[in-house]
Amino acid sequence: MAEIKPFCSVRPAPELAGRIAALPYDVYNREEAKKEVMREPFSFLQIDRAETKLPDSVSAYDSAVYEKAKELLEEMITKEHFIREEKECFYLYELIMEGRSQTGLVACASIDDYINGVIKRHENTRTDKELDRITHIDVCNAQTGPIFLTFRDSGSMKGIMEQQKKEEKLYGFTSPDGIIHNVWKIEEKETVAKIREEFEGISSIYIADGHHRAASAVKVGLKRREEHADNTGREEYNFFLSVIFPSEELMIMPYNRVVNGLNRYTGEEFLTRISECFEVVFQGREPYQPQSKGEYGMYLQNDWYKLIIKEEYRKEDPVAGLDVSLLQDNLLGPVLGIEDPRTDKRIDFVGGIRGLGELERRVREDMTVAFSMYPTDIKELMAVSDQGKLMPPKSTWFEPKLRSGLFIHRI
């Protein structure tokens with residue numbers, strides 16, 4: 001049984017929503033973040049990445065950065081750039097990318113559901129990345145970046161959402177990358193109660209994206225429980241900001257790989273070696289995007305190849321059978337010597353949103369070989385999570401990205 005609750009959001013004034021809404025903090029490096037904040041002074045990125053407002057000599061993890069984030073947030077609230085809701089509400093958040101729509105419920109999820117495994121994860125998290133967001137949440141007294149969750153919908157929630165979308169929008173704008181963003185508020189008591197009841201019948205919710213933000217919010221909640229002997233379990237820090245989508249609405253894009261060097265093989269030797277586990281089909285100069293599971297595109301020495309994993313190397317296990325695992329276990333590891341893709345500096349990962357041209361550019365400029373992937377399926381993600389297993393790093397790339405700053409959960 002999942003607990004999903006409405007909350008009193010702090011949200012942008014309607015005329016500023018499109019300017020405040022920002023891509024997640026971890027999409028940018030420091031220089032890119034600075035340029036974005038200079039381009040749009042209202043961008044919420046200035047709060048998520050407050051080092052953009054401080055000299056470059058100040059570390060991104062300096063205590064002054066988090067204090068600056070708190071200062072900027074409170075200043076924007078005082079100036080009424082943000083509105084404080086006085087009533088607990090749910091919201092619907094629709095994103096439309098190239099004509100394709102996905103709509104999620106904006107709500108707060110329970111940290112106990114995370115701890116007890118009702119909310120399931122498929123990635124490990126890194127302590128250093130957690131610490132940054134733990135400090136940001138704790139100092140700002142706010143969760144500013146929603147966790148991207150998904151669930152198997154019987155059709156009931158989608159029906160409720162479609163009915164609510166007939167009402168007047170709270171926000172409607174197009175971001176600079178062409179994504180359309182629409183928001184509706186749900187405050188009517190009967191509808192709120194019905195939504196809560198629907199989720200009480202759901203046994204599993206899955207983290208699609210935002211594992212570090214989720215882990216950080218949970219750790220702040222546990223820290224505050226220890227600090228408050230009178231904790232009832234209903235305080236806002238016991239819940240974390242989320243947008244929850246029906247699984248059938250989501251699109252996972254490929255997460256491609258590029259590698260520097262052939263581990264002392266010549267190009268011809270490399271092709272011979274990988275043909276032990278893969279059928280290798282020459283494609284020429286035309287970029288190849290895999291069309292089915294078990295297929296890969298490979299760009300090497302200005303030519304594309306189609307790789308097909310041989311039947312005897314396929315696996316039934318939900319993790320070992322993933323395309324990213326098959327490539328790692330049968331090529332990247334044994335042939336190219338990439339034993340740990342999380343730490344090996346020779347490998348890099350390119351989100352599918354950048355296209356195959358980006359793979360060719362990387363090979364021309366700083367890499368040797370590139371692999372285009374067939375995207376992981378949402379059902380594969382759920383199967384891995386249901387078994388309590390973890391996916392390899394960089395297995396999924398979700399688009400479009402949720403914007404930060406549209407909803408803030410004060411704790």
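Mentor: A crossing of two helices is called left-handed if the near helix is turned anticlockwise from the far one by less than a right angle, and right-handed if it is turned clockwise. Please keep in mind throughout that this is a predicted model. Two packed helices are described by the angle between their axes and the distance between the axes.

With that in hand, begin with helix α6 (residues 127–140) and helix α9 (residues 211–227), whose axes come within 8 Å and cross at roughly 55°. On the α6 side the contact is made by K129, E130, R133, I134, I137 and D138, which meet H212, A215, S216, A217, K219, V220, K223 and R224 of α9. Sorted by class, the residues of this contact between α6 and α9 are five nonpolar, two polar and seven charged.

A second pair is formed by helix α7 (residues 156–164) and helix α8 (residues 189–200), whose axes come within 10 Å and cross at roughly 160°. That angle makes α7 roughly antiparallel to α8, and the crossing of α7 and α8 is left-handed. From α7 the residues S156, M157, I160 and Q164 take part, while α8 contributes T191, K194, I195, E198 and F199. By class, the contact of α7 with α8 holds four nonpolar, three polar and two charged residues.

Strands of a sheet pair through backbone hydrogen bonds, either parallel or antiparallel. Here six strands form an open sheet in the order β15-β17-β16-β19-β14-β18, with antiparallel pairing. Because β15 (278–284) and β18 (347–351) stand at the edges and each has a single partner strand, one side of each is left without a neighbour in the sheet. Neighbouring strands of this sheet are turned by 25° against each other on average, direction ignored.

Within the sheet, strand β16 (residues 295–300) pairs with strand β19 (residues 369–372) in the antiparallel sense over four bridges, and Y299 stands opposite A370 in β19. Helix α10 (residues 267–274) packs on the sheet, where it touches β15, β16, β17 (303–309) and β19, and its direction makes about 170° with that of β16. Helix α12 (residues 356–365) lies across β14 (255–259), β16, β17, β18 and β19, and runs at about 165° to β19.

Although β18 is an edge strand with a single partner, four of its five residues are buried, so β18 is largely enclosed by the rest of the structure.

The loops that join these elements deserve a look at their backbone. Most residues other than glycine have a negative phi, and most peptide bonds are trans. N263, in the loop between β14 and α10, has a positive phi of about 60° although it is not a glycine, and N263 is partly exposed, with a relative accessible area of 26%. N302, in the loop between β16 and β17, has a positive phi of about 70° and is likewise not a glycine; with a relative accessible area of 42%, N302 is partly exposed. Elsewhere, a cis peptide bond joins E399 and P400, with omega about -5°, and P400 is found in the loop between β20 (397–398) and β21 (409–410).

Finally, consider I111, which is found in helix α5 (residues 111–116) and is buried, with a relative accessible area of 0%. Leaving aside residues up to four places away in sequence, I111 touches V218, G221, L222, R225, Y237, N238, F239 and F240. I111 and E360 are 249 residues apart in sequence, and their C-alpha atoms are 43 Å apart in space.

Notes: Residues are numbered from 1 along each chain as its sequence is written. This is a predicted model: local features need pLDDT of at least 70, side-chain atom pairs count only at pLDDT 80 or more; totals for chains, interfaces and linings use all residues. Side-chain values use heavy atoms; hydrogens and water are left out. Two strands pair if DSSP finds at least two bridges between them. Helices (H or I, at least four residues) and strands (E, at least two) are DSSP runs, numbered from the N terminus. Axes are lines fitted to C-alpha atoms, for helices over the stretch in contact, and angles run from 0 to 180 degrees between N-to-C directions. Contact means heavy atoms within 4.5 Å. Angles under 35 degrees count as roughly parallel, over 145 as roughly antiparallel, 65 to 115 as roughly perpendicular and the rest as oblique. Ala, Val, Leu, Ile, Met, Phe, Trp, Tyr, Cys and Pro count as nonpolar, Asp, Glu, Lys and Arg as charged, and the others, Gly among them, as polar. Buried means under 20% relative accessible area, exposed over 50%, partly exposed in between (1.4 Å probe, protein chains only).
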